[in-house]
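Student: I am new to this structure. Please take one single part, look at it closely, and then connect it with what lies elsewhere in the chain.

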Amino acid sequence: MNDKGAYSFSTCWNIKRHKIGKEMIEEIKELGFRYVELNYNVNDDLLATIEPMIENGDIHVSSVHNVFPFIDDKDYDTDSVMLGFDDESKRKRSVELLIRSMEYADRYGAKAVVVHPGEVPFDTNIDSELKRLYRERGKESPEYARLWAEMSERRERLSPVYAKRIQDSLEEACSYAARKGWNVAIGIETRSRCYQMPTLLEAKSICDGLKGSPVYLWYDIGHAMMMDRMGLYDNLRQLELVLPYIYGVHIHETLELSDHWCPYVHSKDMDYFDHFLEAIDAAKVKVYELKAACQPEDIHRSHALITGKMAARKERLTS
């Protein structure tokens, strides 16, 4: 078997192909992974056959992705205001759902819960329109620049309000977890839409405000690459600042603004992804988050390139 060691693999890769949880996990095990991240689409029906595998030690859970298990409610899906809701009852509900995810993580022996903490809300999906302009007219076009300026003005004006509310919500969840004695980290994830939170510096600020609590940055490499391309932040420069805050990583690469591809293999760029090897090495939880289009041979090759390059890097640093 192509043993992937301590690396984990997200169920987002094959969840749409399976109705039986055990079969979904077995397919991931065949790739050589002993650890999985259970993503937010894993429901109670799938868990019915996954939980015995966890209890028997057939598979280990590295992390679960909030909201977990799946709930069919758009107010609390992966693209929502979530922990930053203006509506206090909705904000409280989002905290309760995070606590529920942490409870499952503790039960399964997982190290972390991955969280999409929130966003600066817009009336329309301005990110989708910006990405259309990026593809059709280019980042330097006047149309893109105008809409980007409109988005940035609102985001910069309102993000401190939502960041404070997110921080307060995280503090509530951490206080509850501490009372329960759960040893579970919360990783706030870099996101894939320009109005979503946090940026790298927003994550740093939130973590600084919660020093002593188990709140860290979950560095999603592909998302950060996309936000850098769109102009939201300087990914490589700011990555150096947030490196000590990283708890986990989602490993994938982007082709322009399309994400969840196998690093090196699909971009055919054998150098650029090297910038992220230090972050992968530093992360306590390393999770491949790949799309269904990635074939087993692509996954094996990508992993071999990453681990080979990391070993060479360590050798250079110690020689």
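Tutor: Proline 198 lies in the loop between β7 (196-197) and α6 (200-209); here helices (H or I, at least four residues) and strands (E, at least two) are DSSP runs, numbered from the N terminus. This is a predicted model, in which local features need pLDDT of at least 70 and side-chain atom pairs count only at pLDDT 80 or more, while totals for chains, interfaces and linings use all residues. Residues are numbered from 1 along each chain as its sequence is written, and side-chain values use heavy atoms, with hydrogens and water left out.

The peptide bond from methionine 197 to proline 198 is cis, with omega of about 5°. Pro198 also takes part in the lining of the largest cavity, together with Arg155, Arg191, Arg193, Gln196, Thr199, Met227, Leu232 and Tyr233. A cavity is a set of points, on a 1 Å grid over the protein atoms alone, where a 1.4 Å probe fits but cannot get out, and lining residues have an atom within 4 Å of a point. The volume of this cavity is about 30 Å³, and the structure holds one cavity of 30 Å³ or more; grid points are joined across faces, edges and corners, and a volume is the space filled by probe spheres set on the points. The lining comprises four nonpolar, two polar and three charged residues, where Ala, Val, Leu, Ile, Met, Phe, Trp, Tyr, Cys and Pro count as nonpolar, Asp, Glu, Lys and Arg as charged, and the others, Gly among them, as polar.

Proline 69 is found in the loop between β3 and α3 (88-108). Methionine 82 has its place in the loop between β3 and α3, and its phi is near 50°, a positive value in a residue other than glycine.

Histidine 65 has valine 114 of β4 as its bridge partner. Both strands belong to a closed barrel of eight strands with parallel pairing, in the order β1-β2-β3-β4-β6-β8-β9-β12.

Notes:
On a 1 Å grid over the protein atoms alone, a cavity is a set of points where a 1.4 Å probe fits but cannot get out, and a pocket is an open set with protein on both sides within 12 Å along at least five of seven lines; lining residues have an atom within 4 Å of a point. Two strands pair if DSSP finds at least two bridges between them.
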